[in-house]
Amino acid sequence: MVDVVDVIVHIPLEEEFKEFTKIFPVGENITRDVYLAYFVDAPSNLRVIVIKQEKMGRAAANAACRHILQRYKPKLYICLGIAGGISGDLSLGDVCYTGFLIDVYDNSKITDSDGAEGVNIDFDPEYYYGNRQITAAIGFVRTMPELSHILDYWEEAQRENALSLCPDGVKDTDGNVELIGSPKSMNGFVVCGAVSQSDAYKARLKGVTRSILAVETESGPVFEQCRDAGINALTIRGISDYADPGKKKLEAGSKEQVRKIAAANAATFLHAQLQNQVLLDRLALDEQDNLPLPLVKEPVLAIPNLLESVSFEIDKKLRELSPQYKTKPVGYRLPAPRIRRVFDAASAIADSTPRAIEIVRALSTHRRLIVNVPRGYPDPALAWAIGNSILQVDIAGKKVIPIVIDGKQISPPRMGVAAASPVELVNDVASSGAEYVFIVDSFPLSSKTKVDFMVKEIASWPDAKFVFVVPEDKNLAGKVEQRKLVSSEEFKVCDVSFAEMAVFLESSFEMPSKEAEVIALALQNAFRKFSLPAHPSFFAGLPSDALSALILANRRAELVQLAVDGALSYIVASDNSSIRLSRTTRAAFLRSLVVQQKVEKRKFSESDLVNFAKSMSDDFDYGIDPLSFISGFVDNGIIHFEDDVAHITLPFIESYLLAVELFSYPEMAMRYFSQELDDNFDYLTFDLYCELGPSKSVMEKICADLLESMEPFASPGDENVLLTGELNPVMLRAPARVTALGRRVAEARQALESGADDRAEKVRILDIAERVSEDVASQQDDGERQDSDSEHLAPLQRLVWLWSLGAILLGSGAESLNGADRQKLSALVLTGADRAIHAWTKFIAEIDFSDIKKRIEADEGFKRKIGVKDDDEFQQVVESLVDFGELMGMSEPVTAIISQLMDGAKNGVIGNSLRKVDPGSKVEAIVRAMWLSGIDAREGRHDLKDAISDLPDARVLRSALTSLIIYRVKWQMADHSSKSVMLDAAEYIVKPLNKSFNKSELLRFVTKKGDRKELDDDN
């Protein structure tokens, strides 16, 4: 009979065993054969066994684990010892722990290399996903105030131990001294691999996933046996070295004391955790019970219960929505893409680098984020993937509780975030060391009523953070309303990184690592060529021979078609029915279904969908089993059901199939795209439809509507507000302040993310910046403006909306439109740009920025809240930030509109037609010239110089154009000669404002070695 115990602790090395038994005195000796084992004295009356393997190494770990599990069954099996640090976030003596292990020890292949490393190392990783509730419970000692004494005592005691063993610190390979002080603890991925002193091996490990903390040798076979036996496994490791060539020197220099410190820190960390009430309650559950803990009165359990409910809901939704996630075990971490700040003039002026960052880093500096999702983004589970990625994260010492909300459900007066939450919320989580992060999916930014309601909701959750995940199509038209929700930069989703794409190909297609890297790079380039986000969902279910076809695609619609065909071919191949319908027939069925759902607005329950398939079978006398036919789509992630309503899971499949049908039936397309312009307008389908070839009637309807939307806005001619003396932002009266303040805010962000000592001061600056943005937004709704807003803002939004459709029609349909239509549409887009820029900029200019300064400076409550000590400095920062916000607001319309043209309408054939269009004003000429430069910098340089030659002072316009050019040169252009041409233009534009502009120096800055590599890495 196997005896049940609470915990088994598995120790690989003798030195680790000695440190462990100093903390856990041994009791009953249960040694057998060669396996040293004891019951030990543990806190909380737990039954704990320690076993030491016979010798070091993987085989010995496997044998010891098998031996002890034949005699005892634990609720938790812990592999405890030392490890080599991989992450730069860990220092000597720190402790990492995880239930999520990546085993690369077996099935690795080493081949010769022509490079400096001498060998290629190919991994075939095995992933083990542990119990999230256990790892979350361990992390609560960092975030729950009532548990913080446990961590405080452990840190202080181990600091004293480290100082007694290594009072002078240890020297690294460069001779620098590293002092070992209070250890910190971190949760994340640990790799089980070979003992390493190789930088090349370490770099290759980092390529498996960007969040690896440490490498050790023994946990892989332990986790495998525990998985097979249904036992929760955990590894706890103290960092004894950095897994690099300096390992031996470090150990010798410290006389092995660092290893003792690391082993002792791991053992004492476990001892402290066995006094953690949340962990104890988790272990007290029956080991067969996988349900969330029942709600109890003790406040210490309210947060763990809530996190378990949230974890269960996220896992359920990801299995419904994500083909990548569907077959993964419970606890799998779906990698969330990183995000990058959207261009604004501040980023260029301050020379700040808009690198791709993790969502959690952005949340560490901002209370509210807007994350723009590109058209064609293939993963409908993005909001849930974000929630999944931050589920076990701490931010500024607080445990994150991610709540994903369907933004379309938010509706005044009663359907706020609490009512729309999929789980019941607990009040006052802040007092328990936690904070909510509300991830609001597809919120309608253009709805003034809903935005105003959401602003009140945000105010009612003062300790929460908000992430709004919105399609970028709606972003331009909703800019004014959007400002009420965010306090600083907005972000956009980046491609899935090259490294993660390669790892996905390795695991999904069983490719050697080098081949996976080659294919990943080719796929990434193919997707970028068509302005599609590179994402595994495009080919998650494809047979491997379909990948080469994707790489060779000549058009975006062709690439999407290949992805759709590949997914359907996979369904055909896995169909074991006696009658197997072809891929073509299945695509025809899906097209019919999509038309019924999207055009005819029909909803299909599961039984409705089966009957729909039966009707097709009867009409064509196929004789298939309709239920099995539908199951093929469901089992392979093409269709899912939500509240018994069928949905096409992947947006690009739905949009492509519908676009094909609309292309074939012009009258249907006319009806579908004539629907009211609101947040339900189908931009993705419209984009693909335009590429396939828009009908004459649709093109004429868009042109007519765009022309009609311009009527409320008289042509500004050469009286565009950007050209007159009407705009005179304070910041441009002293240009040096722009650079100084931009850098100061950028430094504040960087310091906040890195945990610099002056964090409190940096937080104050960012708090003031947030308050400025809030007051700017509220100014738009104050008394006198409300009536004019309702009359002015709606027509402006309609103009910008229709202008965006015109730009999409022109950009995506460039090769399908005849020359006359392309010229006509180009002229309309130019005219619309001029009027939209004028009206939008005037709207911003009417804000009373001086009143905002006075209100903030007079708000004593706000000053007390953020801890202002120096009134003079506070006034100076407020004035600078308000002035900065004024300049950025006035610059935004022209940069946003020109950016959309340069990014979305850059087909070379457009340039040929655009040159035949005579601009009707100076602003039209500038927009046209910038647009032509985006198509071909060298061809457009003369147009740009001519457009600027008779430009008046126009400080805001010159500043905005210069900032936009510098940003694009650094981050969106690769050709050196094109960069030089554009910087010539920037120099010509800005000279009247800044005589010291140095083009050659700036060119060196934007083309410095490593820029391209950094950009590729960030993607």
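**View 1. Arg282 counts as buried, at 9% relative accessibility.** Buried means under 20% relative accessible area, exposed over 50% and partly exposed in between, computed with a 1.4 Å probe and protein chains only. Arg282 and Glu308 meet through their side chains in a salt bridge of 2.9 Å, N to O. Because Arg282 lies in helix H9 (residues 277-284) and Glu308 in helix H10 (residues 299-321), the pair ties together parts that are 26 residues apart in sequence. A salt bridge is a side-chain nitrogen of Lys or Arg within 4 Å of a carboxyl oxygen of Asp or Glu. Helices (H or I, at least four residues) and strands (E, at least two) are DSSP runs, numbered from the N terminus. Glu308 is buried too, with a relative accessible area of 6%.

The model is predicted: local features need pLDDT of at least 70, side-chain atom pairs count only at pLDDT 80 or more, and totals for chains, interfaces and linings use all residues. Residues are numbered from 1 along each chain as its sequence is written, and side-chain values use heavy atoms, with hydrogens and water left out.

**View 2. Asp103 forms a salt bridge with Arg58.** The closest N and O atoms of the two residues are 2.5 Å apart. Asp103 belongs to strand S7 (residues 100-103) and Arg58 to helix H2 (residues 58-69), so the pair ties together parts that are 45 residues apart in sequence. Asp103 is buried at a relative accessible area of 5%, and Arg58 is buried at 13%.

**View 3. Lys598 forms a salt bridge with Glu654.** Here the closest N and O atoms are 4.0 Å apart. The pair links distant parts of the chain, with Lys598 in helix H22 (residues 583-599) and Glu654 in helix H25 (residues 651-664), 56 residues apart. Lys598 counts as partly exposed, at 25% relative accessibility, whereas Glu654 counts as buried, at 18%.

**View 4. A network of salt bridges links Glu15, Glu256 and Arg259.** The structure holds 34 salt bridges.

**View 5. Lys399 is found in strand S20 (residues 398-406).** Lys399 is buried, with a relative accessible area of 1%. The side chains of Lys399 and Asp394 are joined by a polar contact of 3.2 Å. A polar contact is a pair of N or O atoms within 3.5 Å; within protein, one must be able to donate a hydrogen and the other to accept it, and residues adjacent in sequence count only if both atoms are side-chain atoms.
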